[in-house]
Amino acid sequence: MTTYQWFVFFLIVQLIHGLGTWKLYEKAGRKSWEAFVPVYNSIVLMKIINRPTWWTFLLFIPVINLIMFPIVWVETLRSFGKNSTFDTILGIATLGFYIYYVNYTQNVNHIADRSLKPKSAAADTISSLLFAVIVATFVHTYFIQPFTIPTSSLEKSLLVGDFLFVSKYNYGARVPMTTVAAPMVHDTIPIVHTKSYSKWPQLPYFRLPGYEKIKNNDIVVFNWPVDTVYKFFDRSGLKADKPIDKKSNYVKRCVAIPGDTFEIRDGIIFINGKESILPERAKPQYIHTVYSKKGVSSEVLGQTGSTEYNRTFEIMLTSQEQLDALNQPGVCTSMEVIDKNKNLFKIRTEPRGVPKEIISNYGLALQEVNDYEVQANLTLKAADLLRKSTDIDSVVRVILPRTANKAIFPHTRDWSLDNFGPMYIPQQGKSVQLDLNSLPLYSRIITEYEGKKLEIKGSDIYINDKKTTSYTFDQNYFWMMGDNRHRSEDSRYWGFVPENHIVGKPIFIWMSIDGINDGIRNWSIRWDRLFTTVSGEGEPQSYFKYFLGLLALYFVGEYFWKKRKKVAN
């Protein structure tokens with residue numbers, strides 16, 4: 001909906017409210033016209049139902065107002081003696097229109113001094129829960145949102161299983177565009193696995209002022225612009241068609257900001273012709289081929305900190321149950337027959353190997369084989385250290401050359417993950433020259449993100465039916481990449497991230513679980529990552545011990561305060 005359409009919709013809602021309550025306003029000693037004046041009518045209503053004036057503010061906050069409306073409907077009915085459970089159910093079930101019936105047909109009196117204290121323990125509990133949900137939703141929407149790292153795209157900077165707090169206020173909180181949605185969930189309601197929102201009505205994009213701009217190499221949470229996930233964690237193949245703020249949440253490093261000229265040369269990022277210097281905490285990884293005549297030991301690779309390489313085992317399988325156990329998802333990455341007559345197989349696994357419970361439950365006997373050549377994901381520092389090992393002959397970084405690859409943005413260039421660009425990052429109010437060569441870079445921006453009509457007639461380009469040779473951008477765009485350079489689904493595949501897709505800035509790791517995707521029995525807490533900041537100078541430092549100290553002081557203080565209060569009484 002446009003701003004004008006929202007204004008008309010707002011006036012219609014005010015008219016509906018006025019028509020349904022003006023007699024009740026009169027019975028409360030107010031003027032009937034007060035029921036029709038936008039915003040003022042809400043302030044007056046709060047006085048009528050004997051609730052604080054600041055509740056009016058909550059009625060105009062998207063999503064929170066969905067919780068407030070039923071509360072106000074019920075409070076209005078009770079202020080005029082409609083206190084029964086049946087009245088409450090009717091008020092909510094009719095979306096407040098039961099008030100129309102009371103307004104026009106019932107001879108009710110206003111109860112100005114009615115008690116606001118809940119009449120039962122159940123009512124008190126419900127009231128407390130609703131207040132808690134409202135506060136939590138407000139904080140979640142405008143200040144801090146929890147977020148989990150599900151993939152290794154930012155390994156080793158952020159790890160799979162890190163639980164983050166994401167700040168909404170650093171870059172400015174985005175007012176929800178989806179106005180009808182379940183609070184504190186994203187696109188899917190847990191357990192029932194149904195869509196958590198309605199696509200109508202939609203608010204225009206608006207962002208509250210922030211106190212900092214996105215800088216080069218900031219880690220940023222954003223909505224995935226080309227979301228193909230129908231429901232989160234559901235890749236059923238159904239096409240996603242979501243509002244912007246309900247697209248899947250991604251977290252990457254912003255390597256280029258509006259106005260930059262971005263390029264990758266042999267895997268190294270250049271901004272405006274100069275090599276991009278990453279912060280100390282950034283640990284980009286690249287696939288390396290590791291060679292050794294002795295065989296590349298997984299122990300040696302593990303000592304580098306690498307968590308992405310394959311281990312090879314030979315195994316003799318004596319039953320179909322053993323074969324089925326190894327074919328379970330996540331156990332083996334590949335399997336091949338060495339000798340069918342002897343039931344001898346070669347399997348490859350991730351660094352953790354075959355889970356211990358599968359080995360013990362199915363009586364498996366494995367013999368690890370050190371391959372002469374192994375591909376491992378390594379930081380440049382780890383690769384240098386590995387080259388110094390007497391057990392390793394050579395370590396060669398894989399560099400993908402420029403070649404025709406339709407998977408790589410903009411799908412018309414001979415670009416690769418390691419050799420990409422140069423390319424201009426769009427800035428609001430700035431223009432680029434458009435021709436058939438440059439158009440593929442910006443066509444999605446023009447049509448999808450900025451809603452223009454784009455046509456090509458021969459060698460001419462038309463935008464909104466006007467022939468043009470340039471385009472001026474309506475908003476800023478960013479280029480997002482993972483630190484795991486060869487194993488990150490990022491802007492190199494799908495292009496620019498519009499500013500209206502920005503969610504916030506990760507600031508704090510409050511929990512970190514190793515093996516988060518391997519079942520709860522395989523979980524282990526990374527204690528050194530608890531209560532660490534995401535950005536900052538030097539290596540991350542855990543503040544968990546300080547948190548425990550403050551928590552202990554709180555309980556000790558509370559104990560002595562209660563003891564002192566008891567003595568005083």
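## Aromatic pairs

The structure holds 39 aromatic pairs. Rings of Phe, Tyr and Trp (its six-membered ring) pair if their centres lie within 6.5 Å; planes under 30 degrees apart are stacked, over 60 edge-to-face, and the rest tilted. Phe138 and Phe143 make a tilted pair, with ring centres 5.6 Å apart and planes at 55°. Phe138 is partly exposed at 26% relative accessibility, and Phe143 is partly exposed at 37%. Here buried means under 20% relative accessible area, exposed over 50%, and partly exposed in between (1.4 Å probe, protein chains only).

Phe222 and Trp494 are also tilted: 6.1 Å centre to centre, 55° between the planes. Phe222 sits in strand β7 (residues 218–223) and Trp494 in helix α13 (residues 491–494), so this pair ties together parts 272 residues apart in sequence. Phe222 is buried at 0% relative accessibility. Trp494 is buried too, at 6%.

## Basis of the model

This is a predicted model; local features need pLDDT of at least 70, side-chain atom pairs count only at pLDDT 80 or more, and totals for chains, interfaces and linings use all residues. Residues are numbered from 1 along each chain as its sequence is written, and side-chain values use heavy atoms, with hydrogens and water left out.

One aromatic cluster includes Phe262, Trp415, Tyr442, Tyr471 and Phe473. Val432 touches Tyr442, Tyr471 and Phe473, among others, not counting residues up to four places away in sequence. Contact means heavy atoms within 4.5 Å.

Val432 lies in strand β20 (residues 431–433). Val432 is buried, with a relative accessible area of 9%.

## Second largest pocket

The second largest pocket has a volume of about 1400 Å³. A pocket is an open set of points on a 1 Å grid over the protein atoms alone, where a 1.4 Å probe fits, with protein on both sides within 12 Å along at least five of seven lines; lining residues have an atom within 4 Å of a point. Volume is the space filled by probe spheres set on the points, which are joined across faces, edges and corners.

The lining has 38 residues; Phe9, Val13, Leu59, Asn65 and Phe69 lie nearest the centre. Helix α1 (3–27) is one of the elements giving two or more residues. The largest share, 12 residues, comes from α1. Helices (H or I, at least four residues) and strands (E, at least two) are DSSP runs, numbered from the N terminus. The lining divides into 27 nonpolar, 11 polar and no charged residues.

Key:
Nonpolar A, V, L, I, M, F, W, Y, C, P; charged D, E, K, R; others polar.
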